Amino acid sequence: MRRLYVEEHTLRAIKLSVQNRVLAGLPRKDYRKLLPILERVKLTFGQVLYESQARIRYVYFPIDCFVSMLTGVDGGRSAEVGLIGSEGMIGLPVALGIAVSPFRAVVQGGGSAMRMKIADFRREFSESVALRKELFLFTHLLMIQIAQTAACNRFHRVSQRMARWILMTSDRIHSNDFRITQEFLALMLGVRRVGISIAASDLRERKLMAYRRGNFTILNHRGLVAAACGCYKFVKDVYSRAQGTKDLSHQRRRTHTGNGNRSDG
């Protein structure tokens, strides 16, 4: 009896530490079955998980990191078409029977993830109705995000798109404070660095955010939402309704002060 209690307590503790919505949405017996084949790994900023048209060897369930899906265009340029954090899984093509990634997957926010070998994933995916249901739902949601991002990049101003990207990033790391260079942000949004500089200056002058040496800090979250295009709220609301949560930023946001203390944003 005590052994059963300890096992259940350990399972609950591990499940809480995962904080990945796909895994958290599974019934306890399905999740328990996955534990021996899930490996917790650290992902670092700039790490490439897959190159475009390269074979997928692992799927990743982000915990407190997030990954950009990039598509290339002529001249070696690329732009972000999707952003995945703890709400989903990296390597979705495998769930659709495809072993090759259509996008370049690059870690934008370092942190932890649960990793699984493809052979193990395929076996569990074929046997677990619950896992299939969660991943088919997330596939649908990611398709909506990709389509909305394409429209956003075509019709909205750079400052609106920058505000959208900053908010999406903040939602996935549950913090108002994060690091990214203007060069990398230009790559994400598919624009020249001068456009990023102008957009960042605009948002700074409106006291919506601060930017210094690659560090972004959201100063006025509500104001930044108003400054962003409607794509941000549309996609966030779709995710929230489908995944049964109030919003992607339901956890308390953290802002790091100079003395190492944290205050809620």
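The largest nonpolar core here has 42 residues, and Leu49, Phe61 and Phe121 have the most contacts inside it. A nonpolar core is a set of buried Ala, Val, Leu, Ile, Met, Phe, Trp, Tyr and Cys residues joined through side-chain atoms within 4.5 Å. Helix α5 (residues 129-155) supplies the largest share of this core, six residues. A second, separate core has 31 residues, including Ile166, Phe178, Ala199 and Ala200.

Please keep in mind that this is a predicted model: local features need pLDDT of at least 70 and side-chain atom pairs count only at pLDDT 80 or more, while totals for chains, interfaces and linings use all residues. Residues are numbered from 1 along each chain as its sequence is written, and side-chain values use heavy atoms, with hydrogens and water left out.

**The chain as a whole**

- The chain contains ten helices and twelve strands; these are DSSP runs numbered from the N terminus, with helices being H or I of at least four residues and strands being E of at least two.
- Of its 265 residues, 49% count as buried. Buried means under 20% relative accessible area, exposed means over 50%, and partly exposed lies in between (1.4 Å probe, protein chains only).
- The accessible surface of the chain is about 13400 Å², and carbon and sulfur atoms account for 54% of it. Accessible areas come from the Shrake-Rupley method with a 1.4 Å probe, and for residues only the protein chains shown count as cover.
- Among contacts in the chain with a separation of 6 or more, 71% are between residues 24 or more positions apart. Contact means heavy atoms within 4.5 Å.

**Around Phe121**

- Once its neighbours within four places in sequence are set aside, Phe121 is in contact with Val59, Met89, Val94, Ala95, Met116, Leu131 and Leu135.
- As background, nonpolar side chains tend to be buried together in soluble globular proteins.

**Salt bridges across the chain**

- The count comes to eleven salt bridges, where a salt bridge is a side-chain nitrogen of Lys or Arg within 4 Å of a carboxyl oxygen of Asp or Glu.
- Glu39 and Arg115 meet through their side chains in a salt bridge (2.9 Å, N to O). This pair links distant parts of the chain, 76 residues apart: Glu39 lies in strand β1 (residues 39-43) and Arg115 in strand β7 (residues 111-117).
- Glu39 is partly exposed at 38% relative accessible area, whereas Arg115 counts as buried at 19%.
- Another salt bridge joins the side chains of Glu87 and Arg172 (3.3 Å, N to O). These two also come from distant parts of the chain, 85 residues apart, with Glu87 in the loop between β5 (78-84) and β6 (104-109) and Arg172 in helix α6 (residues 158-173).
- Glu87 is buried, with a relative accessible area of 2%, and Arg172 is buried with a value of 2%.

**A salt-bridge network**

- Lys33, Asp120, Arg123, Glu124 and Glu127 are linked in a network of salt bridges.
- Within this group, the side chains of Glu124 and Arg123 meet at 3.4 Å, N to O. Glu124 counts as buried at 5% relative accessibility, while Arg123 is partly exposed at 36%.

**Lys236**

- Lys236 sits in helix α10 (residues 230-243) and counts as buried at 13% relative accessibility.
- Its C-alpha atom is separated by 9.3 Å from that of Asp171, a residue 65 positions away along the chain.
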